[in-house]
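Here are my notes on this model, as numbered points. Please read them with the structure open.

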Amino acid sequence: MADPKTLDIADVERRMRGALQALKEEFSGLRTGRASAGILDPVTVDAYGQKMPISQVGTVGVPEPRMITVQVWDRALVSAVDKAIRNAGLGLNPNVDGQLIRLPIPELNQERRTELTKIAAKYTEQARIAVRNVRRDAMDELKRLEKDGHMGQDDHKAGTEKVQKLTDKIIAEIDAALAHKEAEIMQV
């Protein structure tokens with residue numbers, strides 16, 4: 001437990017990094033022109049009377065750059081997995097071959113690539129807002145500590161600078177993640 005008379009900078013960094021991690025998870029669901037097993041992460045299958053992630057009913061693989069495969073473990077679930085992928089809105093057309101489902105990744109046209117970069121930018125802005133909210137909470141905590149007499153003006157100023165430097169660092173990492181994802185999406 002952190003001391004209530006000081007700002008826990010490690011907790012502030014953990015919360016900011018959580019926003020960055022959430023952004024990376026959002027990015028993994030954005031389809032690029034290349035195959036990625038992360039595309040299927042949000043897909044859930046009706047199996048055994050409940051919703052299950054696709055990774056719990058089969059093995060997801062990427063045997064070639066433009067193909068994803070799902071080796072379904074239970075033959076009875078093949079049609080449920082096929083249906084779940086078709087209904088997920090990923091723009092993928094599964095080919096069933098026994099217990100193996102092949103998902104060819106179609107080429108993206110320029111219009112779709114531009115649309116995906118806009119979606120990536122929206123996710124990035126949400127992550128920046130989350131980081132700024134953590135910064136605001138930390139600044140409010142510093143003000144409260146100074147007001148309550150637990151911290152002097154010099155300590156308050158030093159804490160404010162630490163929080164701002166951390167915020168700038170995380171925002172730079174978020175911007176770098178966006179630049180990387182945009183390059184990945186626009187790559188033909």
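1. Start with what covers helix 2. The cover over its buried residues includes strand 1 (44–47), strand 4 (67–72), strand 5 (95–97) and strand 6 (100–104). Helices (H or I, at least four residues) and strands (E, at least two) are DSSP runs, numbered from the N terminus. Contact means heavy atoms within 4.5 Å.

2. A word on the basis. This is a predicted model, in which local features need pLDDT of at least 70 and side-chain atom pairs count only at pLDDT 80 or more, while totals for chains, interfaces and linings use all residues. Residues are numbered from 1 along each chain as its sequence is written, and side-chain values use heavy atoms, with hydrogens and water left out.

3. Which residues of helix 2 are buried? In this helix (residues 78–87) they are Val78, Ala80, Val81, Asp82, Ala84 and Ile85. Buried means under 20% relative accessible area, exposed over 50%, partly exposed in between (1.4 Å probe, protein chains only). Glycine 89 follows helix 2 and has a positive phi, near 75 degrees.

4. Axes are lines fitted to C-alpha atoms, for helices over the stretch in contact, and angles run from 0 to 180 degrees between N-to-C directions.

5. Two strands pair if DSSP finds at least two bridges between them. Strand 5 and strand 6 run antiparallel and are joined by 3 bridges. Aspartate 97 stands opposite leucine 100 in strand 6.

6. Turn to helix 1 (residues 9–28) and helix 3 (residues 110–147). Their axes come within 9 Å and cross at roughly 170 degrees. Helix 1 is therefore roughly antiparallel to helix 3 (angles under 35 degrees count as roughly parallel, over 145 as roughly antiparallel, 65 to 115 as roughly perpendicular and the rest as oblique).

7. Who meets whom? From helix 1 the contact includes Val12, Arg15, Met16 and Phe27; from helix 3, Tyr123, Thr124, Val131 and Arg135 are among them. By class, this contact has 12 nonpolar, 1 polar and 4 charged residues.

8. Look at threonine 124, in helix 3. It counts as buried because its relative accessibility is 0%. Beyond neighbours within four places in sequence, threonine 124 contacts Leu23, Phe27, Ile174, Asp175 and Leu178.

Technical notes:
Nonpolar A, V, L, I, M, F, W, Y, C, P; charged D, E, K, R; others polar.
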